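Here's a quick briefing to read alongside the model. Have the sequence and the 3D view open as you go.

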Amino acid sequence: MHVAVVGTGYVGLTTGVCLAHLGHEVTCVDIDPERVAAIKRQQVPFYEPGLGEMLSTNLSNGRLKITGHIKSDPEVVFITVGTPELDGRIDLSRVEMAARQIGQRLRRDSYQVVAVKSTVVPGTTDTLVRKVLEQSSCLKAGEFGLCMNPEFLREGFAVSDFLDPDRIVIGQWDDRSGRVLAELYRTLECPKILTTLRNAEMIKYAANSLLATLISFSNEISALCEATPGTDVDVVMQGVHLDRRLSPVIDGKKVSPGVLSFLMPGCGFGGSCLPKDVNALRAFARDKGVDPALLDAVVAVNAGRPGQIVSMAESLLGTLDQAEVAVLGVAFKPGTDDTRDSPALPIIQLLAGKGARVRVYDPMVKTLPPALFEMVKICPSVDNALADADAAIVVTAWPEFLELDWADACARMRRPVIIDSRNALRRVCFPSSARYVCIGQVVPEGRV
Ligand code: UDX
């Protein structure tokens, strides 16, 4: 099928490249000429494993094109522009602009489906998007197709999540619209939900809000374990997770996934989706006169995590004033260079606010937002960050930190205090001189 994808962020470009990989003729469209030029040169403008190779292949074989304007008349046009957070809500200006440009090209003599993939609150597609498309095309919905097709792409796994999805959700204005989109995904085997536009929009928000809720729940249990001698959050959550309603049973056998899906406590969730989506759903609920008490608590628990980690460092060191503290990891999770809403940012800010001298090392992040950049020293290596440090706080569970020679690293620290805010280093054998503290257990008294 002929497809256009408007917006080449990680969702848009992944969608375009993967649809081309599935055999469709795809044109990716972006208003940013520099981005278009970079993609033409086969460069992915962000870090996403595996996407670069597939981009090159599909640009070379001609199934994928990149341009500044929609030129041909595709059967399906995806809107994959950003919906950034604006005062706790989502900014729909880019969606509106994309819909207007698409509407101006919709034709009466050929049936085309416009599919919103950007994350938008329930009611956006059948009101704002539909109206803009109708006004700019002088057609009525039905003469063109309209769908809402949310993405469930994790950063770092976007390609495999697209090609091997848990489910495909297709919200449809009418049956004809949904049939076209279902045909596009015909070769992907997974449950497909054809439903209303608003259900599709709500599914996306409910899914991400549940994930955020699980994380905040785990973090609250973790704090409770820290106050309860004899408990250990990792054992507790493992015990919780083995419930068959949380661990899948396949062929009569319980499959324990090794990692506890979204029940792993830490220093809080971040990234481009979870924080923004929970906030947008809270605002949406308030607009509807519904009190989002649970989601408010999810955000409050998350907002408290960085402070709890910094307090741990403060009580272990006595004072943070003038202390040399190494923050290990700035990305919101391993496998990405994304620092959006990363818990590392408030951790750095709080440490600096208490007078600590903060050094930072991340294998992929080499710069910080300007306000924070002033406060820290960015180190070229983990060894450099740890040299003569009074404490190290592990914020992102990068494999490099797990594989480090900690005996050697501790020997080079001034005070070998390691605070593991992801419980990632629990199997590491630290030298007896070191003070290793993880989360979700009582922190033994005493300073180093
Ligand atoms: C998320 C959703 O998982 C994906 O389905 C959606 O479409 C986009 O948003 P992503 O933002 O890439 O994906 O990150 P994810 O892997 O979900 O992690 C989000 C945050 O939660 C990270 O900061 C991570 O460290 C944290 N997290 C995750 C925990 O603290 N504990 C967990 O058990 C899992």
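Ala-326 counts as buried because its relative accessibility is 0%, below the 20% cut-off. Bear in mind that this is a predicted model.

**Around Ala-326**

- Ala-326 sits in strand S13, which runs over residues 324-328.
- Which residues does Ala-326 touch, once those up to four places away in sequence are set aside? The answer is Arg-359, Ala-385, Leu-386, Ala-389, Ala-391, Ala-392 and Ile-393.
- Tyr-10 is 316 residues away from Ala-326 along the chain, and their C-alpha atoms are separated by 30 Å.

**The ligand and its shell**

- There are 21 residues around the ligand, and the ones that come nearest are Glu-155, Phe-262, Met-264, Phe-332 and Lys-333.
- By residue type, the shell splits into 12 nonpolar, 3 polar and 6 charged.
- Which helix gives the most to this shell? That's helix H8 (residues 197-226), which supplies 4 residues.
- Met-264 has a backbone N or O atom 2.8 Å from a nitrogen atom of the ligand.
- For Phe-332, a polar backbone atom lies 2.9 Å from an oxygen atom of the ligand.
- Leu-263 also has a polar backbone atom to look at, 3.4 Å from an oxygen atom of the ligand.
- On its own the ligand has 670 Å² of accessible area, and the protein covers 92% of that.

- Most residues other than glycine have a negative phi.
- Cys-138 isn't a glycine, yet its phi is positive, at about 60°.
- You'll find Cys-138 in the loop that links helix H5 (125-137) to strand S8 (145-148).
- Is Cys-138 buried or exposed? Cys-138 is exposed, because its relative accessible area of 61% is over the 50% cut-off.
- Asn-423 is also a residue other than glycine with a positive phi, this one near 50°.
- The loop that holds Asn-423 lies between strand S17 (417-420) and strand S18 (435-438).
- Asn-423 is buried, since its relative accessible area of 11% is under the 20% cut-off.
- The Asn-423 side chain reaches the backbone nitrogen of Ile-439 at 2.8 Å.
- Leaving out residues up to four places away in sequence, Asn-423 touches Val-233, Asp-234, Cys-438 and Ile-439.

**The chain as a whole**

- The chain has 16 helices and 18 strands.
- Its radius of gyration is 24 Å, close to the 22 Å that the globule rule gives for 448 residues, so the chain is as compact as a globular protein of that length.
- Taken along the principal axes, the C-alpha atoms fill a box of roughly 75 × 45 × 45 Å.
- Of the 448 residues, 52% count as buried.
- Among contacts with a separation of 6 or more, 70% come from residues 24 or more positions apart.
- The chain exposes about 19,800 Å², with carbon and sulfur atoms supplying 54% of that area.

How values were computed. Residues are numbered from 1 along each chain as its sequence is written. This is a predicted model: local features need pLDDT of at least 70, side-chain atom pairs count only at pLDDT 80 or more; totals for chains, interfaces and linings use all residues. Side-chain values use heavy atoms; hydrogens and water are left out. A residue is near a molecule or strand if one of its heavy atoms lies within 4 Å of it. A polar contact is a pair of N or O atoms within 3.5 Å; within protein, one must be able to donate a hydrogen and the other to accept it, and residues adjacent in sequence count only if both atoms are side-chain atoms. Accessible areas come from the Shrake-Rupley method with a 1.4 Å probe; for residues, only the protein chains shown count as cover. Helices (H or I, at least four residues) and strands (E, at least two) are DSSP runs, numbered from the N terminus. Ala, Val, Leu, Ile, Met, Phe, Trp, Tyr, Cys and Pro count as nonpolar, Asp, Glu, Lys and Arg as charged, and the others, Gly among them, as polar. Buried means under 20% relative accessible area, exposed over 50%, partly exposed in between (1.4 Å probe, protein chains only). Contact means heavy atoms within 4.5 Å. The radius of gyration is taken over C-alpha atoms; the globule rule is 2.2 Å times the number of residues to the power 0.38.
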